Amino acid sequence: MVSIIIVNFNTFSLTCECISTLIAHTTNIAYEIILVDNGSKEKDPALFKEKFPFIQLIISAENLGFAKGNNLGIHQAKGDFILLLNSDIIFTENVIHPLVHFLLSTPKAGIVSPKLLYPDGTMQYVAERFPSIKMELLNLVRGYKMCSRKKAGQLFLSYHFDHNSSIAADYVWGAFFLFKKELLQHFPGQKLNDEFFMYAEDMLWCYEARQAGYEAWYMADAKAIHYHSYSLSKAHVKSSDKKAEYTAINKYRFLKSKKGKFYSAIYLVFELLNRVSRAKFKQALTQFKAYKLA
C-alpha cells in the first residue's frame, strides 16, 4: 500500500482538487490518504472530512513547515511506500502505479518523481544535481558548451536536461516525492530530516538516502500537473525573492553540514563568481550585438 501524505496550508480548494483528481486517476493499487492541515486559517480543516470522509485528517495548531508537517503524516503511515504530495498537484493519469512498479523492479532506487508540468504544458526541471564546487566550476567555464546537448543534459541536469527520458539524479523535487518506507530505517528517529522549515529539504533527503545506498530517480513516462508555489503568498515566505533567499540559505546550510565550513565557503565564492560572470557575459553579448549593428 501507498501512504499518500498531503500537507495543506490555506489552499482548501486546490487541495480538494488534488484529492479529487488523485481518486479519479489512481487505479490498480491500494492507498491511504493522510491530510495534514498545517495551521490553516482560511477554512475549518474539518470541512475536508465532510468532503472526503475516508481520509485521515491531522490538524496542527501551527504551521510547522513542510518537513515537520510531513513527519506528522509519516508517523501515522501504514504503507510500504510513502508519497509526499504537494497540495497543488493535479492528476491527469494513473501516475502512482507505474512509479511504485519502478521502485519494486529497481532495487537500488529508493526515491522517484514523475514528470511535472505547469498548467500550460511547460516543463519543470525536477531532476537536479547536488550543489558542489565541481559543478560551479563547470558552469563558470561554460562546460555545457564543450559537449553535446545530450551529454550536457546528463551531466548538469536541471534546465540543461530535456526531461524526456528517465534518469538517476542527485535529487528530485519534493513536490511529488515517492519513496520506499524502508528508507526511514536509515534516518535518525526513523523520520525525514526536518531541520529546514521550507525549501531544499528534498536535496537533504536525497543526499541522506544516497548515503544509505539508495538512488533518486526521475521517471519521464508518468506525468502530473504542478501549479508550483501556489501558496507562496499565503505562507510566511512572501515573494519569489524570499523563496530564492530561503533556498540559497538552506543550500549553504546543507553544504556546511555535509562538506564542512571551508568547502561551503569556497563553494559560495564560485557561486557568486558565476552570478557575476553570467551578468557580465550577458552585458558583453548585448554590447557585441550593438557593435555589429553599428
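## Starting with a buried serine

A residue is called buried when its relative accessible area is under 20%, exposed when over 50%, and partly exposed in between, using a 1.4 Å probe and protein chains only. Ser 113 is buried because its relative accessible area is 0%.

Before going on, note that this is a predicted model, where local features need pLDDT of at least 70, side-chain atom pairs count only at pLDDT 80 or more, and totals for chains, interfaces and linings use all residues. Residues are numbered from 1 along each chain as its sequence is written, and side-chain values use heavy atoms, leaving out hydrogens and water.

Ser 113 sits in strand E6 (residues 109-117); helices (H or I, at least four residues) and strands (E, at least two) are DSSP runs, numbered from the N terminus. Leaving aside residues up to four places away in sequence, Ser 113 touches Val 126, Val 172, Trp 173, Phe 176, Trp 217, Tyr 218 and Met 219, where contact means heavy atoms within 4.5 Å.

## A buried histidine with polar partners

Now look at His 226, in strand E11 (residues 215-226). His 226 counts as buried because its relative accessibility is 2%. Its side chain makes a polar contact of 3.2 Å with that of Asp 88 and another of 2.8 Å with that of Gln 124. A polar contact is a pair of N or O atoms within 3.5 Å; within protein, one must be able to donate a hydrogen and the other to accept it, and residues adjacent in sequence count only if both atoms are side-chain atoms.

## Rings that pair up

The structure holds 13 aromatic pairs. Rings of Phe, Tyr and Trp (its six-membered ring) pair if their centres lie within 6.5 Å; planes under 30 degrees apart count as stacked, over 60 as edge-to-face and the rest as tilted. For Phe 91 and Phe 176, the ring centres are 5.8 Å apart and the planes meet at 55°, so this pair is tilted. Phe 91 lies in the loop between E5 and helix H4 (96-105) and Phe 176 in strand E10 (residues 176-180), so the pair ties together parts that are 85 residues apart in sequence.

Phe 91 is buried, at 2% relative accessible area, and Phe 176 is buried too, at 0%. Another tilted pair joins Phe 130 and Phe 254, with 6.1 Å centre to centre and 35° between the planes. Elsewhere, ring pairs link Phe 66, Phe 177, Phe 179 and Trp 205 into a cluster.
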